[in-house]
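Please examine the structure shown below. The explanation that follows takes up its charged side-chain pairs and then one of its pockets.

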Amino acid sequence: MGEESGQAFGIDIGGTGIKGAIVDTNTGRLVTERKRILTPQPSTPDAVAGVVAQMLSAADWQGLVGATFPAVIKHGVALSAANVDKTWIGTDVDACFTRAAGGANDVIVLNDADAAGIAEARFGAAKGVAGVVILLTFGTGIGSALLVDGTLVPNTELGHLELNGHDAESRAAASVRDEHRMSYKKWSERVQEYMSHVERLFTPDLFVVGGGVSKAAAKWVPLLRLNTPVKPAELLNDAGIVGAAMAAAERRGE
Ligand code: BGC
């Protein structure tokens with residue numbers, strides 16, 4: 001498919017799966033079915049770039065591409081690597097994927113939680129919300145996105161705040177609940193402690209909670225006692241794809 005204005009290809013790269021689809025950047029809806037390919041193991045730059053190339057050529061896509069990556073991304077370069085091969089650290093992910101895409105596509109890369117934050121701010125739970133919005137994704141780790149009047153402040157990494165001498169995500173990520181077979185009630189106490197810490201630091205206007213556990217939001221969000229309203233994410237599985245495509249379109253000025 002050739003480039004059409006108002007469309008971008010979004011790719012969501014995670015430790016277990018890589019998902020992609022063409023997105024209508026005016027509506028945030030997927031134009032094509034979501035494709036999912038298992039993340040190659042080991043998830044080295046060459047192997048992951050191969051999957052990116054495969055996805056774009058299967059869709060015959062030439063145009064804007066946005067991709068999420070589970071790392072701190074500074075000017076296209078990965079400064080960390082969560083659940084992907086450590087050889088990514090120091091790699092120019094932008095350049096690596098742009099090469100994989102055959103040069104015809106300019107690929108823009110951003111942190112996975114930052115992408116979810118953009119998607120929720122444009123089309124989901126934080127749409128039209130002024131002031132400070134913090135999105136937290138609870139999954140294998142904890143990701144964060146900070147938005148001020150809809151503008152992203154990238155790479156906040158609030159999942160790594162120190163909580164009682166521990167890395168917060170090692171105490172309150174959704175994976176910790178699974179690992180220790182905790183009830184939602186028990187786990188929500190940890191989330192409460194973590195989120196009230198974040199609340200004290202930022203006094204946000206809204207929290208959006210995402211990640212796989214947002215599907216079960218009714219089981220734990222009502223148990224939280226915070227001064228800030230908490231809304232579950234609305235884009236669920238598509239947040240990364242949509243946010244990546246939006247970031248690419250916005251960077252291009254569309
Ligand atoms: C990483 C973040 C990432 C989050 C969610 C954390 O461990 O440090 O960069 O956004 O996991 O994948």
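**Salt bridges and a pocket lining**

Asp-12 has a relative accessibility of 13% and counts as buried, because that value falls under 20%. In this predicted model, Asp-12 forms a salt bridge with Lys-19, with 3.7 Å between the closest N and O atoms. Lys-19 is likewise buried, at a relative accessible area of 14%.

The whole structure holds 4 salt bridges. Another of them joins Glu-250 to Arg-122, at 2.6 Å from N to O. This pair connects distant parts of the chain, since Glu-250 belongs to helix H8 and Arg-122 to helix H3, 128 residues apart. Glu-250 is partly exposed, with a relative accessible area of 32%, and Arg-122 is also partly exposed, at 24%.

Glu-189 is partly exposed at 42% relative accessibility, and Lys-186 is partly exposed at 47%.

Two or more lining residues come from each of strand S5 (73-74), strand S7 (107-111), helix H3 (112-123), strand S10 (151-153) and helix H8 (239-252). By residue class, the lining comprises 7 nonpolar, 6 polar and 6 charged residues. Domain 1 (7-111 + 238-253) and domain 2 (125-233) each supply at least three residues to this lining.

Conventions. Residues numbered from 1 in each chain as written. Predicted model: local features only at pLDDT ≥ 70, side-chain atom pairs only at ≥ 80, totals over all residues. Heavy atoms only, no water. Helix = DSSP H or I, 4+ residues; strand = E, 2+ residues; numbered from the N terminus. Nonpolar A, V, L, I, M, F, W, Y, C, P; charged D, E, K, R; others polar. Domains from an automatic or database assignment. Salt bridge = Lys/Arg side-chain N within 4 Å of Asp/Glu carboxyl O. Buried < 20%, exposed > 50% of the residue type's maximum accessible area, 1.4 Å probe, protein only.
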